[in-house]
Amino acid sequence: MHILGIVVTGIGVTFLFLGGLGLFRFPDVYNRVQAGTKCTTLGAFSTVVGVGIMQPGWFWKALIIGIFILSTNPISSHSLGRAAYKSGTKLTEGSVVDKAREFEQYREEQ
Amino acid sequence: MSITMIVFLSLIGLGLVLSFLRMLSGPTAPDRAVAVDTMTTIIVASLVLLGFILGRYVYLDVALVYSLISFIGLVALARFLERGF
């Protein structure tokens, strides 16, 4: 049981580090939202559940924290990305698709 | 503290330092907001891990309240960035 907890916590910690690295290296706000949210959600959930597995008396409260992170982190990152788009932040140079602008044009044609 | 926990804490600290550098050098305001979002989630995970290492149950309560407050603050910050006041 202790080995399983260490493995799950190790996966989570690795994903937390990769989230920080992606946030540092990516060229654009939207890429950074994607890196900083997906990696950190999985990493934090896995770390917290791994600590709950290693210490069985703490499991339910750790699971509550994990479910809270899992449900609120996408909401805050979605509203941050939407705010970045609405406040006029430019996409990076190599971007090939902008679905939001296509949708605006489609709605103006209707 | 075993060698495994030292490795885990240093990996978490490295991710925290990288996102802190992005918060210092972000070109626009949403960059800094995204960096703060990532930093709060990393800090919640590291609080739980630190509570396990030090053997204190109170750290779980601290992590829960911290994630709640950071969620509310980030939604308010996104609203401010979107509408202007």
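First, the ground rules. Residues are numbered from 1 along each chain as its sequence is written, and chains are lettered from A, with ligands numbered from 1, in the order in which they are written. This is a predicted model, in which local features need pLDDT of at least 70 and side-chain atom pairs count only at pLDDT 80 or more, while totals for chains, interfaces and linings use all residues.

On confidence: pLDDT is the predictor's confidence in each residue, from 0 to 100. Chain B has a mean pLDDT of 89, with 99% of its residues at 70 or more. For the complex, the predictor gives an ipTM of 0.89 and a pTM of 0.90.

Now the contact. Two residues count as touching if their C-beta atoms, placed from the backbone, lie within 7 Å. On that basis chain A puts in 43 residues and chain B 37. In chain B, α1 (3-25), α2 (29-54) and α3 (58-83) each supply at least two residues of the side that touches chain A. The largest share of that side, 14 residues, is from α2(B). Helices here are DSSP runs (H or I, at least four residues), numbered from the N terminus.

Let me stay with α2(B). Buried means 20 or more other C-beta atoms within 10 Å of a residue's own, exposed means 12 or fewer, and partly exposed is in between. In α2(B), 20 of the 26 residues are buried, so the helix is largely enclosed by the rest of the structure. Just after the helix, Gly55(B) takes a positive phi of about 75 degrees.

Next, the core. A nonpolar core is a set of buried Ala, Val, Leu, Ile, Met, Phe, Trp, Tyr and Cys residues joined through C-beta atoms within 7 Å. The largest one has 47 residues, and Val48(A), Ala45(B) and Val48(B) touch the most other members. α2(B) gives the most to this core, twelve residues. Leaving out residues up to four places away in sequence, Ala45(B) touches several residues of chain A, including Leu16(A) and Val48(A), as well as Ile12(B).

Last, a contrast. Phe103(A) sits in helix α4 (residues 99-109) of chain A. Is Phe103(A) buried or exposed? Exposed, because Phe103(A) has 10 C-beta neighbours inside 10 Å.
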